[in-house]
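Please keep the 3D view open as you read.

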Amino acid sequence: MQNAAQELRTKQTALTKGLASNAFQLLYQPIYNIQHDQKHDSTAIYAVEALLRWHHDGNCYTPQSFLDLLEDSDEILAVGAWVLKTACAAVHQWQQSLTPQLHCSVNLSYKQLRSVHLVSLVKAALESSGLEATYLIIEIAEQHLKTNCTQSLANLRELSQLGVQIALDNFGIGHASLGYLKRFPLDILKVDKSLINNTQHEPSLKDFSLAVINLGHSLKLKVIAEGIENADQLALIQANQCQYAQGYLLSSPLTAQQFTALISSPAK
Ligand code: C2E
Ligand code: MG
């Protein structure tokens with residue numbers, strides 16, 4: 001137990017130094033417009049979702065293994081600000097060179113959502129990068145909306161008034177409440193990958209995931225299906241007029257260089 005506690009402390013200390021030592025990296029996963037005529041054209045890419053990675057001791061860690069530690073230490077606020085600034089700057093550059101309509105999607109932590117500085121932070125990231133507010137998408141995990149926080153609601157309303165799009169992330173995995181859909185100024189519903197991934201093993205989920213897609217459409221929201229891993233899943237959501245999709249079948253998360261290469265390559 002002592003070893004485990006020591007390991008945790010070492011990890012926490014390393015994380016707090018992560019920004020200074022350039023140990024964080026963003027990967028960018030394309031979100032495709034799957035109703036687009038030219039599927040292999042870069043204009044079919046609607047957005048990229050910025051996904052955080054941490055390099056430590058020769059390993060590359062995904063958020064599952066360090067996000068909670070960042071949240072515990074409040075370091076998430078500084079790292080979250082870096083994510084926003086870096087992702088907005090990268091997307092603005094891609095807009096200037098190759099993909100003028102590309103949107104930038106950024107995940108927000110629980111603490112960022114509740115912070116009184118959130119709106120000024122977003123404004124600063126937009127100003128310093130030159131990205132227009134309408135091209136920024138803020139992703140809020142469904143479970144972060146369940147606590148009744150007036151600051152979170154005020155933040156989201158103010159961001160929405162600026163023109164920033166708000167996406168409800170991981171929708172349909174347990175904390176879903178139709179009340180959220182009415183109460184929060186949402187533009188996008190991201191259908192959780194567990195609903196899409198498991199349709200082969202649990203056929204009843206097929207109806208469920210289609211019902212969620214239809215719900216989003218009835219509420220005039222854009223719907224993004226997450227976790228598309230095979231052609232059957234893609235065909236299923238396409239047949240149901242789902243417009244946007246993300247998943248390993250379409251593209252894994254890419255480094256900035258890999259994404260540049262993807263959009264620079266001639267359409268097939
Ligand atoms: P998320 O927002 O639901 O992001 C999608 C996750 O699904 C990513 O995991 C992505 O790599 C993975 N994924 C993409 N396509 C597929 C697929 O076809 N199948 C499967 N099974 N998985 C797929 P990742 O990068 O490990 O991120 C995990 C979570 O960490 C994210 O889930 C998000 O909640 C959080 N996160 C990532 N970056 C940030 C960040 O900058 N700030 C904050 N606060 N949270 C972040
Ligand atoms: Mg997300």
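**Around the ligand**

In this predicted model, an N or O atom in the side chain of glutamate 229 lies 2.6 Å from a nitrogen atom of ligand 1. Taken alone, ligand 1 would expose 800 Å², and the protein buries 84% of that area. Glutamine 29 has a side-chain N or O atom 3.1 Å from a nitrogen atom of ligand 1, while glutamate 49 places a polar side-chain atom 3.0 Å from an oxygen atom of the ligand.

Now let's take in the whole shell. There are 25 residues around ligand 1, and those that come nearest are Arg53, Asp169, Asn170, Glu229 and Tyr248. Strand S2 (45-56), strand S6 (165-171) and helix H8 (193-197) are the elements that give two or more residues to the shell. Which of them supplies the largest share of the shell? It is S2, with 5 residues.

You will find 11 helices and 9 strands. The chain has a radius of gyration of 19 Å, close to the 18 Å that the globule rule gives for 268 residues, so it is as compact as a globular protein of that length. Along its principal axes, the C-alpha trace spans about 50 × 45 × 40 Å.

Terms used: Residues are numbered from 1 along each chain as its sequence is written. Chains are lettered from A and ligands numbered from 1 in the order in which they are written. This is a predicted model: local features need pLDDT of at least 70, side-chain atom pairs count only at pLDDT 80 or more; totals for chains, interfaces and linings use all residues. Side-chain values use heavy atoms; hydrogens and water are left out. A residue is near a molecule or strand if one of its heavy atoms lies within 4 Å of it. A polar contact is a pair of N or O atoms within 3.5 Å; within protein, one must be able to donate a hydrogen and the other to accept it, and residues adjacent in sequence count only if both atoms are side-chain atoms. Accessible areas come from the Shrake-Rupley method with a 1.4 Å probe; for residues, only the protein chains shown count as cover. Helices (H or I, at least four residues) and strands (E, at least two) are DSSP runs, numbered from the N terminus. The radius of gyration is taken over C-alpha atoms; the globule rule is 2.2 Å times the number of residues to the power 0.38.
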